[in-house]
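Take a look at the model below. Then read on for a short tour of its ligand site and its backbone.

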Amino acid sequence: MGCLLPKGMLLGAATAATQIEGGKVNSNWNEWSNQGRILDGSTCERACDHWNRWKEDLDLLASMKAETYRFSIEWARIEPEEGKFDASAIAHYREEISYMKKLGIVPLMTLHHFSNPLWFERKGAFAKTENVRFFLDFVKEAVKDFGDLVSDYVTINEPNVYALNGYAGQGWPPDEKSLTQAARVLNVMAGCHIRAYERIHRMREAMGYKDTRVGFAMHMRAFTAKNQENPVDRTSAALEKSLFQNKLLRAFGNGDFRVPYRNLGGFEKKNYCDFIGINYYTRSVVSKVGDNLTREGAPKSDFGWEIYAAGLTECVREAQAIIPGIPVWITENGICDSEDAFRCLFLYEQFREIADAHLSIERYYYWSFLDNFEWMDGESRRFGLVRVDYPTEKRTVNKSGRFFTEIVDHHGISDNMYDRYVRGEEYHL
Ligand code: BGC
């Protein structure tokens, strides 16, 4: 029943600024949610009020034994107007990161996690090559401000989700509906990542540091044909996998752009990541490109996503075949489970997969430390190890949060832990 995790693998949890901080910020997501676009009517202005409660949250995270924490900084707070950097926001993040380190938690900083300052959004954000310089200026500022505290960076979170949801008709800002535009955004973002990768290394090296690690976090899914016997289903599944993730891993990680993606910056083909960040949640069943079905009778999360533990290691193997020799960091893996009814079972299955696979996985970040503002679904979707009661902002560690704490302590799962936490849990069908 029990399992031991790979030696040296760091365990932690992840969040993103827009999803937890709250407050009035000049970002595209603040504007979007204030326009009433979110399905449950909530806005990201409330979220977890982490901007004010960061210290209590970090104490809680430390009490849960997290060894590392993936968080993001809000570009719109740091640069609320083009070229004007806010010293008080920078000081705030410095205090937060310093405290995290004092607690012994290794910081992993995400520079871009879906949200844009409004001024950047108005200029066309990542849909325009001439905007790359704005992102790079922000990166430069971030390394100048935090480079002495942070050695590990995710440049861009889930470029594929950002581009498809915002530019190919999924209702995220700016809600454009063109696949060509989505591909363009991805080309520009790949260039942003590559240049940021080089810049962060250059700057930290000049500061005298030799331990810099930079990567991106790609949303990866397991893909399977609805009917394995049907060649159309098989071809569609393979095509979708290649367009949605594999070709992007090549572009971002190797500077190797293959049709329909284009190398707009004339980048050399070489390695542009020190770790491969993988966010894994689910499997898509495909009979024609874009349909993303769920296998009938399969267990599902409260979001309706199939729960498929083996997909995690399938994705790791696939990514390492595309970018060989580079370790994987699972930068997100989690489950929407509002009642915390089967999260322990989910954690058990994922860790069992990792323990049995003997792959080079150096870190694991559970998504999410806290329940938070889940983009278009607002406050109604809960992924947290810690439950947040939004009206009072009270935090309560879930049973899964206590399980996670023991997993870190034990660096695995004992039979006794299995009996106390996992036995008796069942997925919804
Ligand atoms: C994103 C998170 C999001 C999570 C659950 C990932 O796609 O990076 O921001 O909350 O999945 O949907």
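This is a predicted model: local features need pLDDT of at least 70, side-chain atom pairs count only at pLDDT 80 or more; totals for chains, interfaces and linings use all residues.

Residues are numbered from 1 along each chain as its sequence is written, and side-chain values use heavy atoms, leaving out hydrogens and water.

**The ligand site**

The ligand sits in the largest pocket. There are 14 residues around the ligand (a heavy atom within 4 Å counts as near). Q19, H113, E158, E332 and E374 come nearest. The shell divides into six nonpolar, five polar and three charged residues. Here Ala, Val, Leu, Ile, Met, Phe, Trp, Tyr, Cys and Pro count as nonpolar, Asp, Glu, Lys and Arg as charged, and the others, Gly among them, as polar.

| Side chain | Distance to a ligand oxygen |
|---|---|
| H113 | 2.9 Å |
| N157 | 3.0 Å |
| W367 | 3.3 Å |

Taken alone, the ligand exposes 310 Å², and the protein buries 96% of that. These areas come from the Shrake-Rupley method with a 1.4 Å probe.

**Salt bridges**

Side chains of opposite charge can pair when their charged atoms come close. The structure holds 29 salt bridges (a side-chain nitrogen of Lys or Arg within 4 Å of a carboxyl oxygen of Asp or Glu). One of them links E141 and K144, with the closest N and O atoms 3.5 Å apart. Both residues lie in helix α7, residues 132–146. They are three residues apart, about one turn of the helix. Helices (H or I, at least four residues) and strands (E, at least two) are DSSP runs, numbered from the N terminus.

**Backbone spots**

P173 and P174 are joined by a cis peptide bond, with omega about 5°. P174 belongs to the loop between α8 (159–167) and α9 (179–206). S368 falls in the loop between β9 (361–367) and β10 (386–389).

D49 is not a glycine, yet its phi is positive, about 50°. D49 lies in the loop between α2 (28–34) and α3 (50–63).

Key:
A polar contact is a pair of N or O atoms within 3.5 Å; within protein, one must be able to donate a hydrogen and the other to accept it, and residues adjacent in sequence count only if both atoms are side-chain atoms. On a 1 Å grid over the protein atoms alone, a cavity is a set of points where a 1.4 Å probe fits but cannot get out, and a pocket is an open set with protein on both sides within 12 Å along at least five of seven lines; lining residues have an atom within 4 Å of a point. A molecule sits in a cavity or pocket if more than half of its atoms lie within 2 Å of its grid points.
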